[in-house]
Structures are given as structure tokens and as C-alpha cells.
Amino acid sequence: MKKLEVFGVSKLNGQIKISGSKNASLPILAATLLSGKKISLTNVPRVKDVETMIKLLESMGSKVKKFQKGNSLLIQNNKKIKTKAGYNLMSTMRAGIIVLGPLLARFGKAKVSTPGGCSIGFRPIDLHLEALKSMGVNYKIINGYVHASAKNGLIGTKIKFPKVSVGATENLLIASCLAKGQTILSNCAIEPEIKDLTKFLNTIGAKITWTGKRQVKIIGVKKFKEANFKIMFDRIEAGTMLIAGAINQNNLRIKSVDPTILKTEINILKKIGAKIIQRKSEIIIQGRKKIKNINIKTSPFPGFATDLQAQMMVLLCKANKKSSIKEDIFENRFQSVSELRRMNAAIEVRGNKAIIKGNTIFKGAQVMATDLRASASLILAALCAKGKTIISRIYHLDRGYEDIEKKLKKVGAKIRRID
Ligand code: EPZ
């Protein structure tokens, strides 16, 4: 089924349990390449990008067993791993580049397709490659593949990233676990998913200590142990559902979350006027009739998450006055705007800034998903639009949201898949 049919205006009332994190699962799956021991992962979200990462590992010779409808995995990457990651899988999921670090660290060589760009930006990997080079890696890019080698293995060193990058931080964090000696990484990304990756690596026997806000020290080890590890909750799914609660006076109880890592987003929603109660592992949000306007910009954690920008855009369309959102991370992440305009939104884009007029009465329309988070924003708009909305190309949505229409239907949304 390739489309979603949504009838608005839907009132949402009830509780939503958040799935495991896609953006923690992907680097942790890549990191299992470091070790030949059995590793079991639980709370793994059943989403397309995770399936693609599993296929990528299996294409290299990983043994992956799925249990409990795929939310638990048992992985074993024995010695006979092929150190090649092909274009077909890499071109559909850019995070595949994070296998580069572990392959070089354990096997001293790798042939990995460059991930290629995507609709939100060029997605270069220069930060990954330059940092690996400083650990003794030689590489050449030939016909869209990175041919990399480190015949004496990786040598621990000091690396300061010229720019904050989630993927580059993850690649180097993983690679350094098997490097000779100590590595200090500075100007790192510190997203909660990176802290979850750190927890996983230390659980299998790595020696990682965060020594500063954006600085981490890794002492190379020689071997790892078997481990069981539970993936953290999906921070972006939780943020998406919080925004759903704030729109249209809905009342949602978001469960299985850690509210402390959504502090920035919760503060913004409170400023906009939503009523929010935080408990140890859940957040209750009640939308208010009056939604106040605000000017925000995206920035690396702990700033406002770029992965919630498209969803917040919908909420600000309902604000009582003009708002703006500045997208400071990716060069082309306003794709949802043209589709939201088809639903009667009044949004103007000037460079990397979107000006949102407010007081929008969304109207149902036929719209097209352009990327993962834009597809979520179209659902939010459809839920508060008068009439029927059909969202096509929802394969984008399935990359990162587990059973989203089931979860929304349970709290009152009139939403279903159609051909
Ligand atoms: C991760 O992507 C996330 N993906 C993205 O989520 C998220 O939007 C992004 O971090 C920022 O938070 C996963 O975790 C799987 P970056 P990543 O390297 O690692 C530039 C989603 O919706 N850059 O922090 O690719 C880059 O072009 C996805 O779940 C370089 O210039 O992000 C971008 O402008 C979308 N050179 C900026 O840095 C490099 O070598 C941040 O990218 C690497 C990145």
C-alpha cells in the first residue's frame, strides 16, 4: 500500500507508546561489526532503514536472527566478514557509511560505496574520511566507492572535528574502540543517540569516557564480550507525537520516553502555549486553542532538532501570528512547504528561513511525501485539515516510523493505508 488516506479534523485523545530509536539502532548495528561475539539487541524499531542496515550487514556475512516480530535481534559477525558495502543498499540509506569505521578498525580494509545525496542535502562524508586519515587510514574514491585501508591498524590520536557531525562522530567513536592507544575526539555531536551508542560500546567492553561537553576519550581494546542491550526510545518519534498533541487541542500521553532529553522541544511547546506534565517515563500534553507564534532555528543537540523542523512548521501554521524557522543544518530541508501550501498553508521560504504566516485553516488535498520527516508533517497537517487528504510516496514515512497509523488510529485519527 503506497498511500495514506486521512480524514480531518481528527481529535486525538489517549496514549501512544514510543518505539525504539532508529537513529540509535543504525550506528549500534554498524558497531556490532567490531566484534565476533554474540550480541542481542532489544527494542529495535521495525522500520525500513533498520531492515536496510540488517541487509547490509548480512550482505557482508553477518548472521542476524529476528525475534518477537523483529523487535529483538541476535547478531553474530564472525571472522568471515566481507569488507564491502555495495551501492544498492548504501544509496537508499546514508547511515550505511558508519560501517566504514568498524570495518577498518577490525579488518584494516574496506570498500564502501559513497552514500550519495538525498532530498534534504548533499550528505558529504569528508569529515568521516579526514578524521579516519588522521588515524592512519589511506583512501581513494574510485567510481563512487571509498577504497580504504589501514595495514598497521588504526593508531589512536587527537581529532578535532571542524564541524559538528552526528555520523562522523559515530564512525570515529566506533573505530577508535579497536585503535592502538588512546583517541581524543573534540567538537563532537552529542545527540542522545550517540550517548546510547557509547553505552552499547562500553557494554561490549570498550573503554569510552566523555571528558567534556563535546569531548570524548577512547582507550583502544583488543577484544569484546557477548552482551544484551536495549535500544533507547525514538526521540524524534516522541517529538513528532508531542507536536501532534499540541495541534488542535488534542490530549496525548506519550509513554516510554525520557522527558529530560526533549527539554528544548518541550520548552518551545510550552512557550507556544501547550500544557505539559512530565513524569519519569512519560509526557502528557494538552493543546490549547490559542497557539502563540515563535521564531526558532535548528541546531545540533541540545538545540532544536532539525528532524522536528517540518513537524513544527505545521504547528506554527496554526499559530495566531507570524513565526519563522531557520534551518541551519541541511541545505534543502523545506521540501514539505510546497505540499503544505497545497493544503492552504501560507509559508514563504527565503534562503534557509521559512516565514509562516499563521492562522491557517488546513484543507484536505492530494499531497506527496518527499522525505522521512516531511511525510510526518503531512500527516499532522492532514489530521487538522477539513476533509480528505491522500498522501502518496509513503515509503519515505516507513523508513523511520513504526506502525504510525496504528498508533494514531488508536487515539482517534481517521487514517488508513490504501493502494
Ligand atoms: C544524522 O544524519 C541523522 N541520521 C539525521 O536524521 C539528522 O538529521 C542529522 O544527523 C542531524 O542531526 C541518523 O542518525 C541516521 P550530520 P548525519 O553528519 O549523520 C554536514 C532522520 O530524519 N556534513 O550531523 O548524516 C551535512 O551535510 C535523519 O532520521 C559534512 O559537511 O548528519 C549536514 O549539513 C535525517 N561533512 C551537517 O554536516 C560530513 O562528512 C550535519 O550532518 C558529514 C556531514
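A residue is called buried when its relative accessible area is under 20%, exposed when that area is over 50%, and partly exposed in between, with a 1.4 Å probe and protein chains only. Helices (H or I, at least four residues) and strands (E, at least two) are DSSP runs, numbered from the N terminus. In helix 1, the residues Lys22, Ala24, Ser25, Leu26, Pro27, Ile28, Leu29, Ala30 and Ala31 are buried. Because nine of the ten residues of helix 1 are buried, this helix is largely enclosed by the rest of the structure. The structure is a predicted model, in which local features need pLDDT of at least 70 and side-chain atom pairs count only at pLDDT 80 or more, whereas totals for chains, interfaces and linings use all residues. Residues are numbered from 1 along each chain as its sequence is written, and side-chain values use heavy atoms, with hydrogens and water left out.

The N-terminal end of helix 1 is capped by serine 21, a side-chain oxygen of which lies 3.2 Å from the backbone nitrogen of asparagine 23. Such a pair is a polar contact, defined as two N or O atoms within 3.5 Å; within protein, one atom must be able to donate a hydrogen and the other to accept it, and residues adjacent in sequence count only if both atoms are side-chain atoms.

A residue is near a molecule or strand if one of its heavy atoms lies within 4 Å of it. There are 22 residues around the ligand, and of these Asp126, Ser165, Val166, Asp307 and Ile329 come nearest. When sorted by class, the shell contains ten nonpolar, five polar and seven charged residues; here Ala, Val, Leu, Ile, Met, Phe, Trp, Tyr, Cys and Pro count as nonpolar, Asp, Glu, Lys and Arg as charged, and the others, Gly among them, as polar. Domain 1 (3–19 + 233–418) and domain 2 (22–230) both give residues to this shell, and the ligand therefore lies between them, the domain bounds being taken from an automatic or database domain assignment.

A backbone N or O atom of valine 166 lies 2.7 Å from an oxygen atom of the ligand, while a polar backbone atom of leucine 127 is 2.8 Å from a ligand oxygen, and for a polar backbone atom of glycine 167 the distance to an oxygen atom of the ligand is 2.8 Å. Of the 820 Å² of accessible area that the ligand has on its own, the protein covers 86%; accessible areas come from the Shrake-Rupley method with a 1.4 Å probe, and for residues only the protein chains shown count as cover.

In soluble globular proteins, nonpolar side chains tend to be buried together. A nonpolar core is a set of buried Ala, Val, Leu, Ile, Met, Phe, Trp, Tyr and Cys residues joined through side-chain atoms within 4.5 Å. The largest such core in this model has 145 residues, of which Val99, Leu201, Leu269, Met312, Phe362 and Leu408 touch the most other members. Helix 12 gives the most to this core, with eight residues, and, because domain 1 and domain 2 both give residues to the core, it lies between them.

Glutamate 5, in strand 1 (residues 3–8), counts as buried at 8% relative accessibility, and its side chain is joined to that of arginine 416 by a polar contact of 2.5 Å. Valine 146, placed in strand 9 (residues 145–149), counts as buried at 0% relative accessibility.

Some backbone geometries in the loops may also be noted. A cis peptide bond, with omega about 0°, joins glycine 8 and valine 9, and valine 9 is placed in the loop between strand 1 and strand 2 (13–17). A cis peptide bond with omega about 10° joins phenylalanine 301 and proline 302, the latter lying in the loop between strand 18 (295–297) and helix 10 (309–317). Asparagine 248, although not a glycine, has a positive phi of about 65° and lies in the loop between helix 8 (235–246) and strand 15 (251–255). Serine 256, in the loop between strand 15 and helix 9 (263–272), likewise has a positive phi, near 65°, and is partly exposed, with a relative accessible area of 30%.
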